[in-house]
Amino acid sequence: PWLQKVVTDYENVVVPAKPCVEVRREDLGASQAGRGRIVHVLNLCESIPLATLPAHPTLLALAAACLGTGVRPIMNPELFDKPPHGNSSTVTNPHQDCFYFQAAD
């Protein structure tokens with residue numbers, strides 16, 4: 001319930017004020033107020049609870065248990081909603097972002 005409230009508040013207060021390039025919606029179909037469902041949000045930094053969630057000790061411990069040592073918090077998290085019954089405007093083919101950014105790890 002805490003996280004659901006944080007997300008709902010973010011969606012109702014912050015998202016409408018974000019630049020359109022930072023919020024991607026489904027092109028087909030409609031949801032709230034006749035707009036497509038939100039499927040991608042850049043820069044969650046406007047919400048302290050959402051921005052700091054990736055650094056939560058419990059999540060870091062869980063990631064370390066799965067991946068081993070050296071797990072670090074994510075900087076500038078984004079939201080990607082890839083619904084199981086999304087439409088063609090939400091399809092993202094499998095890819096590896098580290099390749100694009102030539103990240104070392």
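**A tour of the sheet and the pocket**

Helices (H or I, at least four residues) and strands (E, at least two) are DSSP runs, numbered from the N terminus. Two strands pair if DSSP finds at least two bridges between them.

The model is predicted: local features need pLDDT of at least 70, side-chain atom pairs count only at pLDDT 80 or more, and totals for chains, interfaces and linings use all residues. Residues are numbered from 1 along each chain as its sequence is written, and side-chain values use heavy atoms, leaving out hydrogens and water.

**Stop one: β1 and β2**

Select residues 38–41. This is β2, joined to β1 by three bridges, and the two run antiparallel. Now pick Arg-24: its bridge partner in β2 is His-40. Then pick Arg-25, which stands opposite Ile-38 in β2.

**Stop two: β2 and β3**

Move across to β3. Two bridges join β2 to β3, and these strands run antiparallel. Select Phe-80 in β3; opposite stands His-40.

**Stop three: His-40**

Stay on His-40, a residue of β2. Is His-40 buried or exposed? His-40 is buried, with a relative accessible area of 17%. Buried means under 20% relative accessible area, exposed over 50%, partly exposed in between (1.4 Å probe, protein chains only). Show the contacts (heavy atoms within 4.5 Å). His-40 touches Glu-22, Val-23, Arg-24, Glu-78, Leu-79 and Phe-80, not counting residues up to four places away in sequence.

**Stop four: the largest pocket**

Select Val-7, Leu-44, Leu-50, Glu-78 and Leu-79. Of the 14 residues lining the largest pocket, these lie nearest its centre. A pocket is an open set of points on a 1 Å grid over the protein atoms alone, where a 1.4 Å probe fits, with protein on both sides within 12 Å along at least five of seven lines; lining residues have an atom within 4 Å of a point. The volume is about 220 Å³, the space filled by probe spheres set on the points, which are joined across faces, edges and corners.

Finish on α1 (2–14). α1 and β2 each supply at least two residues of this lining. α1 gives the most, with three residues.
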